[in-house]
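Open the model in your viewer and keep the selection tool handy. We will walk through it one stop at a time.

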Amino acid sequence: MFLPQILRATRSHFPTLRKFSVRSASSVTNIPYVEANIKKDQELSKTISNEITKITTLSNGVRVTSENTPGHFSAVGVYIDVGSRYETPQTLGLSHMLDRLAFKSTKTHSIEQINSILESLGGNIMCASSREAVMYQSAIFSQDLSKVIALFSDVIRNPCITLKEVEEQKQTTLYEIQEIWQKPEMILPELLHTVAFKNNTLGNPMLCPEDRLMMMTPQLIKEYISTWYRPERMVLAVAGAQHEEIVELAMKHFGDIPRSPELNAHTILPFTTPKQIQTKSSLYKTITTAASSLFNANSSSIFTANQKAHYTGGSLFLDQSIPHTHVYVAFEGLSIHDPDIYGLAILQMLLGGGGSFSAGGPGKGMYSRLFTNVLNQYNWMESCMCFNHCYTDSGLFGISASCRPEYNHHILDVIAQQLNSVTRFDHGGVTQSELLRAKNQLKSSLLMNLESRMVQLEDLGRQVQVHGYKISAEEMCKKIDKVTLEDLVRIASKVIGGQIRNEGNGTGEVTIVAQGELNGLKDMQTVCEQYGLGKTKNSKKFKMVA
């Protein structure tokens, strides 16, 4: 079970692209730290700490953080501030390729030697890319700590990226992409981001587009690494080891990376849009072309890698003969820096949901609103659940559902009714008992998941990467407890009413993505106007019939 979205900064929708599945976490609120000026010289710039967490910044900008909590093994991770949101049409898909090319040959070790090191370490060693980070993570025996940090340093700093390796990963990646496109529950969240943030940042695909895959070269990948793999964008995190030991290893393996001329400055990357290749015949290729065109539409644009995510809203309909109709309805959510993020996480837990064949106790969501009011009431509904994707400057919040095609004319009304119901107190609105139950579920899920060493690691690394500090689970629970019923309804009304004001100045319009036999599906703009959801005027739509 993954941590609730309250902790989530970025995470791939594609577990098949990872070497191992890993739970993820990030932070959301500000806790001041007391500076401990215990060691300042040419090597260390500063160290800050609380009772458990310690953070040291090396002179070149690499941040080193640790929590020496007891356990039988240690977890190590390197988190780099690079991902699909920083890509341009020139570099689309490179984060995905970096994921695939991890742990290949380096300037000091052949691929056979790297594989031998991995086998000798055992444990859980993987690389994963997301919208806002590339993560190298491992869980190993404590005595192998120095070995795995040396390995991470080698594969991050000295990759060979040979033509043979790139060509091999092109074929593997193409197969994975085709498999994912056959699974609506995996590809539709991606398309939802593409439509919701059209032509910018969070709308960039995490999957490498097929036409871009063929253009990948070793030189292009090396240039991308040299642009983004900078020391000030790196965090080395360790759970289950002495901080002084970690700092010493970090200085040895990462301390000599040259400091960037302008610390923390993002490079501006101008580009021109490549011409779209129109040689598609199969359903998969047809969908790929249409989705790719959504973020390649403006050939004269010049994007900067540090621009704020601009929520646009819109619609995409994939008319296709498949057993069920899948619908995603979303609104711009909150960034992980917003203090209301706790209330939104509670709202997600309160709505909950799942599949029609979900079984188990309250932890499986059977007392959530979508389970009780939708899945238990409509036997034609195959699934219905709430989602909440949080990023550093924006987010997506909404409901996904699926049903048999003959019930298409009902599905949007059901979704709209549930969204509308949480924006008021009366006539089926949220009750105090529901709020308390959702709070308890959220806190228990948070605390139980943090018992995992790998979750603890990613929570630590991503918090320091995003915020520069670590917030404790106890403080998170206090923030959750402080959310009132009035807060919850206010937050729900703001998000579902399209009134979010993030730095990117989003439109507030609803985003809808649907796939399946779409005959009978109502017009979402009409439904939103009927229930007062979002801003629906001038909503742009893209319809494609396969």
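Select strand S6, residues 124-129: six of its six residues are buried, where buried means under 20% relative accessible area, exposed over 50% and partly exposed in between, with a 1.4 Å probe and protein chains only. Strands here are DSSP runs of E with at least two residues, helices are runs of H or I with at least four, and both are numbered from the N terminus. Show the side chains and you will find Asn124, Met126 and Ala128 pointing one way from S6, with Ile125, Cys127 and Ser129 pointing the other way. In a regular strand, side chains alternate between the two faces of the sheet.

A word on the ground rules before moving on. This is a predicted model, so local features need pLDDT of at least 70 and side-chain atom pairs count only at pLDDT 80 or more, while totals for chains, interfaces and linings use all residues. Residues are numbered from 1 along each chain as its sequence is written, and side-chain values use heavy atoms, with hydrogens and water left out.

S6 and S7 pair in the antiparallel sense over six bridges; two strands pair if DSSP finds at least two bridges between them. Together S6 and S7 form a hairpin with four residues between them.

Which strand pairs with S7 over seven bridges, in the antiparallel sense? Select S5, the partner in that pairing, and look for glycine 77 opposite glutamine 137 in S7. S5 covers residues 74-80, and seven of the seven are buried, so the strand is largely enclosed by the rest of the structure. Both faces are covered: Ser74, Val76, Val78 and Ile80 sit on one side, and Ala75, Gly77 and Tyr79 on the other. Now bring in strand S8, residues 234-239, which runs antiparallel to S5 and is joined to it by six bridges. Here valine 76 stands opposite valine 238.

In H5, 12 of the 13 residues are buried, including Pro184, Leu188 and His193.

Jump to H10, residues 341-351, where 11 of the 11 residues are buried, so this helix is largely enclosed by the rest of the structure. Among them are Tyr342, Gln348 and Met349. Just after H10, check glycine 352, which takes a positive phi of about 55°.

At 34% relative accessibility, glutamate 167 counts as partly exposed. Its C-alpha is separated by 8.7 Å from that of methionine 216, 49 residues apart along the chain.

Finish with H13 (residues 432-449) and H15 (residues 473-482), whose axes come within 10 Å and cross at roughly 170°. Axes are lines fitted to C-alpha atoms, for helices over the stretch in contact, and angles run from 0 to 180 degrees between N-to-C directions. H13 and H15 are therefore roughly antiparallel to each other, the term for angles over 145 degrees.

Key: Parallel < 35°, antiparallel > 145°, perpendicular 65-115°, else oblique.
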